[in-house]
Amino acid sequence: MTKRELALSEEKKLKVTFRVEPGCLGPNGAEMAEAFCQYAQANVATLDSNYIIWNILPRFDKTLPELEYHALNKRLNHQQAEKYLMLFSKSLDEFESHLEQKLSDLIESFCAR
């Protein structure tokens with residue numbers, strides 16, 4: 001079993017919180033944000049689920065960061081999240097870029113429904 005396939009306990013998984021700006025959903029984004037986040041959550045839940053727990057939320061409070069990482073009940077900064085992902089041969093920059101592309105694709109499919 002490789003490190004990528006290693007199944008971690010829930011508390012050791014990286015918890016990724018992504019807060020979606022309602023404005024990216026169009027002029028009625030604030031009304032659709034909750035529904036979109038549920039849709040996105042369902043569509044990303046299995047991505048890298050052996051070491052990631054996803055939490056997709058609307059970003060109604062601008063004081064909260066768009067992206068947050070936690071592991072072992074502690075908030076991780078950028079460098080700590082990078083080190084964590086390196087255990088799975090992932091780069092944080094590539095991870096974030098892939099996540100943003102996936103969410104962009106989900107916004108398109110959600111709005112086309």
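1. Start with Tyr69 and Phe95: in this predicted model, tyrosine 69 is buried, and phenylalanine 95 is buried too.

2. Now the rings themselves. Tyrosine 69 and phenylalanine 95 make a tilted aromatic pair, with 6.4 Å centre to centre and 50° between the planes. This pair links distant parts of the chain, with tyrosine 69 in strand E3 (residues 67-71) and phenylalanine 95 in helix H3, 26 residues apart.

3. A search of the whole structure turns up seven aromatic pairs. One of them is stacked: tryptophan 54 with phenylalanine 95, at 5.7 Å centre to centre and 10° between the planes. Tryptophan 54 sits in strand E2 (residues 52-58) and phenylalanine 95 in helix H3 (residues 92-111), so this pair ties together parts 41 residues apart in sequence.

4. Over to the helix pair. The axes of H1 (residues 29-44) and H3 come within 10 Å and cross at roughly 120°, which makes H1 oblique to H3. As for handedness, the H1 and H3 crossing is right-handed. On the H1 side the contact includes Met32, Ala35, Phe36 and Tyr39, and on the H3 side Leu103, Leu106, Ile107 and Phe110 are among the residues involved.

5. Have a look at the aromatics there as well. Phe36, Tyr39 and Phe110 are linked into a cluster by ring pairs, and these three residues also belong to the H1 and H3 contact.

Conventions: Residues are numbered from 1 along each chain as its sequence is written. This is a predicted model: local features need pLDDT of at least 70, side-chain atom pairs count only at pLDDT 80 or more; totals for chains, interfaces and linings use all residues. Side-chain values use heavy atoms; hydrogens and water are left out. Rings of Phe, Tyr and Trp (its six-membered ring) pair if their centres lie within 6.5 Å; planes under 30 degrees apart count as stacked, over 60 as edge-to-face and the rest as tilted. Helices (H or I, at least four residues) and strands (E, at least two) are DSSP runs, numbered from the N terminus. Buried means under 20% relative accessible area, exposed over 50%, partly exposed in between (1.4 Å probe, protein chains only). Axes are lines fitted to C-alpha atoms, for helices over the stretch in contact, and angles run from 0 to 180 degrees between N-to-C directions. Angles under 35 degrees count as roughly parallel, over 145 as roughly antiparallel, 65 to 115 as roughly perpendicular and the rest as oblique. A crossing is left-handed if the near helix is turned anticlockwise from the far one by less than a right angle, and right-handed if clockwise. Contact means heavy atoms within 4.5 Å.
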